[in-house]
Number of protein chains: 2
Amino acid sequence: MTNKDARTPASVQDDMSQEAGKSIGWHKAYVEGTRSDLRVPVRQVHLTNGQSVTLYDTSGPYTDPLVDTDVRRGLAPLRENWIIARGDTEEYAGRPVRPEDDGIKHTAPRGGLRNLDAVFPGRPRQPRRGRAGEAVTQLAYARRGEITPEMEFVALRENVDPDVVREEIAAGRAVLPANVNHPEIEPMIIGKRFLVKVNANIGNSAVTSSIEEEVEKMTWATRWGADTVMDLSTGRNIHTTREWVLRNSPVPIGTVPLYQALEKVDGRAEELTWEIYKDTVIEQAEQGVDYMTVHAGVRLPYVPLTARRKTGIVSRGGSIMAAWCLAHHKESFLYENFEELCEILAAYDVTYSLGDGLRPGSIADANDEAQFAELRTLGELNRIARRFDVQTMIEGPGHVPMHKIKENIDLQQEICDEAPFYTLGPLTTDVAPAYDHITSGIGAAMIAWWGTAMLCYVTPKEHLGLPNRDDVKTGVITYKIAAHAADLAKGHPGAQEWDDALSDARFEFRWEDQFNLALDPDTAREFHDETLPAEPAKTAHFCSMCGPKFCSMKISQDIRREHGGSQAEIEEGMAQKSKEFAAAGNRVYLPLAE
Amino acid sequence: MTNKDARTPASVQDDMSQEAGKSIGWHKAYVEGTRSDLRVPVRQVHLTNGQSVTLYDTSGPYTDPLVDTDVRRGLAPLRENWIIARGDTEEYAGRPVRPEDDGIKHTAPRGGLRNLDAVFPGRPRQPRRGRAGEAVTQLAYARRGEITPEMEFVALRENVDPDVVREEIAAGRAVLPANVNHPEIEPMIIGKRFLVKVNANIGNSAVTSSIEEEVEKMTWATRWGADTVMDLSTGRNIHTTREWVLRNSPVPIGTVPLYQALEKVDGRAEELTWEIYKDTVIEQAEQGVDYMTVHAGVRLPYVPLTARRKTGIVSRGGSIMAAWCLAHHKESFLYENFEELCEILAAYDVTYSLGDGLRPGSIADANDEAQFAELRTLGELNRIARRFDVQTMIEGPGHVPMHKIKENIDLQQEICDEAPFYTLGPLTTDVAPAYDHITSGIGAAMIAWWGTAMLCYVTPKEHLGLPNRDDVKTGVITYKIAAHAADLAKGHPGAQEWDDALSDARFEFRWEDQFNLALDPDTAREFHDETLPAEPAKTAHFCSMCGPKFCSMKISQDIRREHGGSQAEIEEGMAQKSKEFAAAGNRVYLPLAE
């Protein structure tokens, strides 16, 4: 890596320090578990009334001023001792890294030209996998009644009993994606019983973007609240980009191995083989990918079902597999070799994200035969994965109008034995390119309320281009809104405390507290300052909507002051209070302070 | 008015011409009715495949290059002949305009200092009202079986039978806001049987903004799709601002007369009287305000119900009336004089928008006793208004978590005899100031699906400051998305055609058609060009997400080409097709064209 590669993430940290300097009302804190190396990060917001509010934090060590992060060294391997202590995994030489892994062809002799040291300058490491005969997945541990440090971590993070975490994982209703080769993550859980999670996609493409941009986007996305990140790179340097992202990511990383496999056959879908695919899965599992999208539900007989759709197959992975099936007129090699794939994933505790390759790409195609045929196959594959102790979630649409969303998730929950649903949107209309974070944020909030465990974000660039840093932030914030709105609607314990704290601050004109409690404090502060820039306005008992002469909140405070007692006291004392009010000069607003 | 005032709206037109220059794929067209002066505007999008799509158009004559608009002259009085021909109204001298109407005090002798000519330079006009004994509201006409030109206009606009329009108005399930003094409007209808409508709020405040900004915001809001505009001005020049807005507005204008009345008593709520209020209502009705928010449901006994709320009363009108009740310990003068108010509104065909002064201002306060007590009173007032032939809609919340939205609208529909619901959002969480267009867009889409007839937009500046031009656009576009998503979910005839046209264009890589069909063509084009700026990319059969080497849409097209027949033909011919596919070189993507 050149110095240039390392520079950009450093500048991200500079930005954060500056922002932290402005947002003095909060700091990074940790909740201690039963062991000294189990410390759950939280965002502690200090209010001007002396109280404080604790919020879930995904930003990783980057927002801790006491931790010296260096993107060339990678994050500290938080889970390493936990993994080693279990004694059920072993280090091994691993698959040699080849130039083809980065899309570089015919320029070097065959065989391992480079090793991991060359790919990433941080501490040397060898890949790790389960010893023969050992079941090393969180699902296996949960089933045999073990509460792992990872489970304790997420229990503290979610503020629930550790046994609830274990039970949900054991039942297959939740997953805890944590590859034994990704010890840097702060464990998190995906399941309808827990807070709704948000995934952000990053990844270079054949057309644009670079390694440093992707690492920066990952750091940026988690800073704003992404719970997991998928690296969907398709161009050059796929292997190296992923290594840098993994070594610096505090959240689980997902991929679609098929994308890299296709690069290895120069984009010729029909030249894909099970061997090339398997080799790619092992390559990525050794690097530490926590969950992988596998489009094993796109079966040969389903391909013709898409022929008369308005927008055919819109999933990239789905169309690759459809093209392969079409070229060979054979059943999908992913479907045929699914059990062997389960064995591989189990050895690293890679979680399945069973892809919906036939998801609808338009309102017209929602909930059609092709989609539900694939869903039934995903239900079948989910049961096979479970036999191999592989954690599994199911991917969902796509484009679905509001009135078809509930049918969609109800069917998924039924067919897939309540395995966590992981949905893209859904977009509730097709007519607003450039605003698909919003068309899909609507559907995302609804489907999450009805039980989706994780939402895959959509940025304003969807259908149009590759998201830049601003788009990533807009996508993440929009989806955090959808997720939190669903947490509220589901009555998740603690969710409303956050709203209440912000509403109290609003009612009491504690502007700084409003900003610090906001999902995006910087933008809230900036918008306020646009209309009322002066510093005194931050403590003013009015805002720019009504101005200083008349303020509804102020009147409400008067009412509360006058009617603060019981209902009986209120009714009884009202006439008397009215007289006092008049005697006091009928002041329902603050004096003009111009 | 100075030249400066006239300049800004002219520059809006310049912007539009420029944009029209870029967006050559559409033009303004008209659908002719049964009479030559009944021409319904539409936006005709011309696709590159020779087809065209007709979209609802709210932008008024400003987007018609054949119409010479001049903001100092105002729009042509489209409805004037229809109103005169009915013979049931009369012109009269009208109430003299006083300096106090614009918030100017003690600087001139009492009595009418200025006339309308001074307020607005356009053609001289006198106010009009119903003759004694005549019922001149669209509700009265509908009840006695008349289909007015206004009703025919909206029937053509909504693509429904005129008798459906008449029936819905007669039943009180829809309103057609059209003051006899606002002949400039292009009639529109608000009711759950029709397309979901969007209102945009504008208005200066004591803190900032000016007349020209407000006229510009109105033009801008309707250009992006606002169906009505509320002028919520509270500072100086209220009367004059409103006159300019009305004379230039192609959409119905709503107001909250209480805001101006409060200005007339220098912000002292307790000094408000029925006489001052009534005079203000007449002043505004003579100018042509089409609907008025009246907070007559905030009754004395309900005020204490808000005392222990988290955020008390957040409606400005609600808190003004609560303060008045509190100061006098008397029943609301709006409630007490409601029948007289009905008589006034009926004379001009001003539509009631019965305000929800006790709407919740936080998640914690949603669907509480105060809110529903007021709602029951609004149901009672709706029945009274109906006795006077006054068209009526009911305003709704506010802040409501997703799981309480349906209860809210179901209750409103039941209590208010299916009178049109007109809701602000609702916001589904409090934690995202600066993104409340999104927190509320989610709730807006849902409540519209369940029957809300018109959505009041929320901009990103909600709770923080006054919206600027960009915020107005963002708010309107977000709410057009919510409204259209609801139209789709309700199965509104024709709604899905728009989505289908855009999806077809997407599938066939007709980029220019995608842009021209988009809710916001300019931003969609801009986002596309950010990643792939070159002109050839507009006709490329790929996009920046997957790049030229592999494209899911392209594969789907191959599948469609190979499996375009019946299901039986597809299954039968599949093996054969597979061979052909291989023979043709297995080309599933276009050659690289770098």
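The buried residues of helix α13 in chain A are covered by several elements of chain A, including β5 (128-130), α10 (274-287), β11 (291-294), α12 (333-336), β12 (351-354) and α14 (369-387). The helix itself spans residues 338-348 in this predicted model, and it is mostly covered, with eight of its 11 residues buried. Those buried residues are F338(A), L341(A), C342(A), I344(A), L345(A), A346(A), A347(A) and Y348(A). Just after the helix, D349(A) takes a positive phi of about 55°.

Which residues touch the most other members of the largest nonpolar core? In this core of 283 residues they are Y277(A), Y352(A), Y277(B) and Y352(B). Leaving aside neighbours within four places in sequence, Y352(A) is in contact with M292(A), V294(A), F338(A), L341(A), C342(A), L345(A), A385(A), V390(A), Q391(A), T392(A) and M393(A).

The next topic is charge. Side chains of opposite charge can pair when their charged atoms come close, and a search of the whole structure finds 90 salt bridges over all chains. In one of them, R299(A) pairs with E331(A), and the closest N and O atoms are 2.8 Å apart. This pair links distant parts of the chain, since R299(A) sits in the loop between β11 and α11 (316-328) of chain A while E331(A) sits in the loop between α11 and α12 of chain A, 32 residues apart. E331(A) counts as buried because its relative accessible area is 14%, under the 20% cut-off.

Another salt bridge joins the side chains of E418(B) and K192(B), at 2.6 Å from N to O. E418(B) lies in the loop between α15 (405-415) and β14 (421-424) of chain B, and K192(B) in the loop between β7 (190-191) and β8 (197-202) of chain B, so the bridge ties together parts that are 226 residues apart in sequence. Both ends are partly exposed, E418(B) with a relative accessible area of 32% and K192(B) with one of 26%.

Within helix α15 of chain B there is also a local pair, in which K406(B) forms a salt bridge with D410(B) and the closest N and O atoms are 2.9 Å apart. Because they are four residues apart in this helix, K406(B) and D410(B) are separated by about one helical turn. An α-helix has 3.6 residues a turn, so residues three or four places apart point the same way. K406(B) is partly exposed at 35% relative accessibility, and D410(B) is partly exposed at 35% as well. Beyond such pairs, a network of salt bridges links R95(A), R98(A), D101(A), R242(A), K264(A), D279(A) and E283(A).

A UniProt annotation from an unreviewed entry, "domain: ThiC-associated", covers residues 27-90 of chain A. Over these residues the chain is 11% helix and 33% strand, and the end C-alpha atoms are 38 Å apart.

The predictor gives the complex an ipTM of 0.89 and a pTM of 0.90. Chain A averages a pLDDT of 87, and 83% of its residues score at least 70. Over residues 1-23 of chain A, however, the pLDDT is below 50, although this stretch has 33 contacts in the model beyond near neighbours in sequence. The pLDDT also stays under 50 over residues 577-582 of chain A, for which the model has 12 contacts beyond four places in sequence. Where pLDDT is low, the predicted coordinates should not be read in detail.

Notes:
Residues are numbered from 1 along each chain as its sequence is written. Chains are lettered from A and ligands numbered from 1 in the order in which they are written. This is a predicted model: local features need pLDDT of at least 70, side-chain atom pairs count only at pLDDT 80 or more; totals for chains, interfaces and linings use all residues. Side-chain values use heavy atoms; hydrogens and water are left out. A nonpolar core is a set of buried Ala, Val, Leu, Ile, Met, Phe, Trp, Tyr and Cys residues joined through side-chain atoms within 4.5 Å. Buried means under 20% relative accessible area, exposed over 50%, partly exposed in between (1.4 Å probe, protein chains only). Contact means heavy atoms within 4.5 Å. Helices (H or I, at least four residues) and strands (E, at least two) are DSSP runs, numbered from the N terminus. pLDDT is the predictor's confidence in each residue, from 0 to 100. UniProt positions are given in the numbering used here, feature names are shortened, and annotations may be inferred rather than shown by experiment. A salt bridge is a side-chain nitrogen of Lys or Arg within 4 Å of a carboxyl oxygen of Asp or Glu.
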